[in-house]
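Below are a few numbered remarks on this structure, meant to be read with the coordinates open.

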Amino acid sequence: MAHNLPDMTSPIIRTEGLHKQFAGKNGTTITAVKDLTMDVEEGSLTAFLGPNGAGKSTSLRMLTTLLAPTSGNATVCGFDITRDPAQVRARIGYIGQKNGAGLYQRVRDELDIQGSLYGLTSRQTRERVTELVDVLGLGEVVDQPTMKLSGGQRRRVDIALGLIPGPRLLFLDEPSTGLDPQSRAHLWELVLRLRERYGMTLLLTTHYLDEADNFAERVLVVDHGEVIADDTATGLKANLAGDRITVTATGSPDDITAIASRAATASGAPDPDPRTAPADPTDPAGGTEVTVRVNGADRILPALLRDLEARGHTVLRADSARPTLDDVFLSLTGRSLREEAETTTEPALTGAAR
Ligand SMILES: Nc1ncnc2c1ncn2[C@@H]1O[C@H](COP(=O)(O)OP(=O)(O)OP(=O)(O)O)[C@@H](O)[C@H]1O
């Protein structure tokens with residue numbers, strides 16, 4: 001069968017209006033991914049960040065040819081995902097959310113089977129398995145059945161399976177979900193080491209804010225099937241959130257809010273969004289707590305305190321914080337990603353990765 005030639009001029013991933021709908025209950029339609037248009041450059045580490053159900057996995061499943069788009073186009077490694085899925089698959093690795101490894105097989109057998117599935121010779125497979133077992137620290141478990149492994153060890157086997165074909169591009173769907181914090185940290189160390197060693201492009205999904213913040217060079221914030229922001233984590237925080245100042249003072253709550261709001265607006269904050277609440281009712285000092293977003297809290301906070309005192313308010317407490325990606329999500333959607341993640345946390349798997 002004749003294949004189209006790869007488009008060598010396009011970036012490693014290019015999507016144009018990629019769209020996916022599912023049939024929901026009672027004749028409804030679920031739009032899982034809405035008009036995804038993006039380019040991903042070779043060698044980059046990009047994260048889709050969003051709550052459960054935002055459309056992250058569906059995006060990955062379309063790009064890995066596991067799911068056909070309802071409309072739109074995409075090329076991956078220069079090949080069209082709909083016209084040339086086999087060519088795409090030959091060049092990518094995909095590590096899904098569920099363990100790919102069979103429970104009764106020995107780890108080594110799983111890896112060998114993956115090698116033959118991808119058309120590697122037995123010698124190539126042997127060499128690749130030896131290398132990956134070493135890099136991923138699987139030496140102690142390679143001859144054990146997968147069912148005996150801890151959560152962290154299984155995740156490393158999943159990664160080995162994804163890497164057997166030696167992909168240029170690796171897709172990871174929530175690589176660390178369900179792992180304890182120590183295993184997550186180890187897994188990330190490993191992912192970054194693998195990236196350096198094999199020079200891979202990585203596209204991953206996560207709902208962990210710290211992962212996107214610490215490791216991704218580019219963060220696409222996704223909500224309800226749509227990319228609602230696309231920048232570096234630093235850029236997102238600087239442009240969409242701003243620093244946060246919290247001040248508790250006595251006197252008229254309206255007046256305190258107005259003063260804080262004026263200070264924030266004067267600082268050029270994109271969205272001062274003042275929130276006022278009575279201070280802790282058990283605190284005998286009482287007062288009103290107001291939180292605002294500002295540009296440059298170190299400059300604005302002293303001025304704000306002076307303004308409040310000048311208007312007769314006694315400042316009881318004052319605090320400022322640098323923005324987080326949760327602040328970005330909050331300012332984009334009015335919801336906290338951290339709270340959503342906490343209410344939908346999967347049961348933790350036990351066992352630490354090395
Ligand atoms: N096969 C399917 N049939 C019907 N609806 C689906 C199917 N797969 C996904 N969906 C729906 O599409 C939406 C997006 O789901 P998706 O799994 O892509 O989200 P996600 O951001 O990856 O979330 P999670 O972190 O939970 O995997 C959700 O509303 C989900 O219920």
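Which residues are around the ligand?

1. The shell around the ligand consists of Phe22, Ile30, Ala32, Gly50, Asn52, Gly53, Ala54, Gly55, Lys56, Ser57, Thr58 and His207, where a residue is near a molecule if its C-beta atom, placed from the backbone, lies within 6 Å of it. Residues are numbered from 1 along each chain as its sequence is written. The model is predicted, with local features requiring pLDDT of at least 70 and side-chain atom pairs counting only at pLDDT 80 or more, while totals for chains, interfaces and linings use all residues.

2. By class, the shell around the ligand holds four nonpolar residues, seven polar and one charged; Ala, Val, Leu, Ile, Met, Phe, Trp, Tyr, Cys and Pro count as nonpolar, Asp, Glu, Lys and Arg as charged, and the others, Gly among them, as polar.

3. Helix H1 (56-63) and strand E2 (29-40) each contribute at least two residues to this shell, and the largest share, three residues, is that of H1. Helices (H or I, at least four residues) and strands (E, at least two) are DSSP runs, numbered from the N terminus.

4. Strands E1 (residues 13-23) and E4 (residues 71-76) run antiparallel and are joined by five bridges, with Thr15 having Ala74 as its bridge partner in E4; pairing requires that DSSP finds at least two bridges between two strands.

5. E4 also runs antiparallel to strand E5 (residues 79-80), through two bridges, and Thr75 stands opposite Asp80 in E5. The hairpin of E4 and E5 has two residues between the strands, and Cys77 there takes a positive phi near 55°.
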